[in-house]
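Subject: Handing over a structure, with notes

Dear colleague,

I am passing a structure on to you, and I would be glad if you looked through it alongside the notes that follow.

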Amino acid sequence: MNGTRSARANLWGKAMALPLARDEDFFGANRRPVGIDPKHVRVISDTALRSRLIMAGIAEGLQSPKGPQRIKSIIRLYPDFDAPRPGNRPRTVRAAAAPAHEPARAFGLPTVEELNALLTRIQQIERAVSVEMQGRLSGDIDRLKRQISSLDGDDFERAFRELENAMRQRRELSGQIREEAFRRIDADSSFEPRRYLRLIARERA
C-alpha cells in the first residue's frame with residue numbers, strides 16, 4: 001500500500017509540473033471545465049505519462065491530438081485520485097454546455113466575421129508597432145536621401161553606405177513588426193478571435 005501511495009505521489013508531482021492549459025489551447029468544441037481550479041488543468045505532450053496518470057486515477061483526458069490539426073493534449077487532474085475511468089464519463093457533458101453555433105466550429109475554423117476582425121486587428125497593431133519601431137529609422141532614411149542629391153566624392157560614398165545600411169535594417173524590421181503584432185494580439189485575452197492566429201502564417205510574402 002505504501003508503495004502505491006509513493007508511486008501516486010511521484011506521478012502527482014510530475015503532473016503538477018506540467019504547463020498550465022490556457023483558454024486558447026482548447027480546440028473546436030472543447031472548453032475548460034467550469035468551476036475547476038485552473039492549476040488542475042494541464043497541457044501534456046508525453047503520451048506515456050498521460051496514460052499512466054489516467055490509469056492511476058490521477059487524470060482525465062479533456063483533449064487529445066487527432067488528425068492533421070496541431071492541437072494540444074490537455075488533462076484534468078484529480079487531487080483525490082478519483083478521476084473517472086476512460087469510457088465512463090458522459091460524452092454529452094461538454095456538448096451540452098457549448099453554444100448552439102458550436103457544431104459549425106467543430107473543425108476549429110473561424111467565421112467570416114471573426115477572420116475579418118482578426119485581420120483588421122493585425123493591420124491596426126502592425127501600423128502602431130511600425131510607428132514605434134521605424135520612426136527614427138525612417139527619419140534617417142529621408143535625411144540621407146536628401147543629402148545624397150547634394151554630395152559627391154567621399155561624402156557621397158559615406159552617405160550612400162549609411163543609406164544602404166538603414167534600408168537593410170528597415171527590411172529586417174518588417175518581420176519583427178509582424179512578430180510583435182502577433183505577440184500583442186495573442187496576449188490580449190479579451191480578444192476572442194486571437195485563438196485563430198495559429199491559422200495565419202507570420203512570414204511576409
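Phe81 sits in the loop between β3 (74-77) and α3 (93-97), and its phi is near 60°, a positive value in a residue other than glycine. Most residues other than glycine have a negative phi.

Before going further, please note that this is a predicted model, in which local features need pLDDT of at least 70 and side-chain atom pairs count only at pLDDT 80 or more, while totals for chains, interfaces and linings use all residues. Residues are numbered from 1 along each chain as its sequence is written, and side-chain values use heavy atoms, with hydrogens and water left out.

The chain has five helices and three strands, which are DSSP runs numbered from the N terminus (helices: H or I, at least four residues; strands: E, at least two), and along the sequence they follow the pattern α-β-α-β-β-α-α-α. Of the 205 residues in the chain, 32% are buried.

The structure holds 14 salt bridges, a salt bridge being a side-chain nitrogen of Lys or Arg within 4 Å of a carboxyl oxygen of Asp or Glu. One of them joins Arg121 to Asp188, with the closest N and O atoms 3.2 Å apart. Because Arg121 lies in helix α4 (residues 112-148) and Asp188 in the segment after α5, this pair ties together parts that are 67 residues apart in sequence. Another salt bridge is formed by the side chains of Glu126 and Arg178 (2.5 Å, N to O); Glu126 lies in helix α4 and Arg178 in helix α5, so this pair ties together parts that are 52 residues apart in sequence. Both Glu126 and Arg178 are buried. A further salt bridge brings together Arg195 and Glu192 (2.4 Å, N to O), and salt bridges that share partners join Arg22, Glu24, Asp25, Lys72, Asp186 and Arg194 into one network.

Finally, Asp154 belongs to helix α5 (residues 153-187) and counts as exposed, because its relative accessibility is 68%.

With kind regards

Definitions and conventions. Buried < 20%, exposed > 50% of the residue type's maximum accessible area, 1.4 Å probe, protein only.
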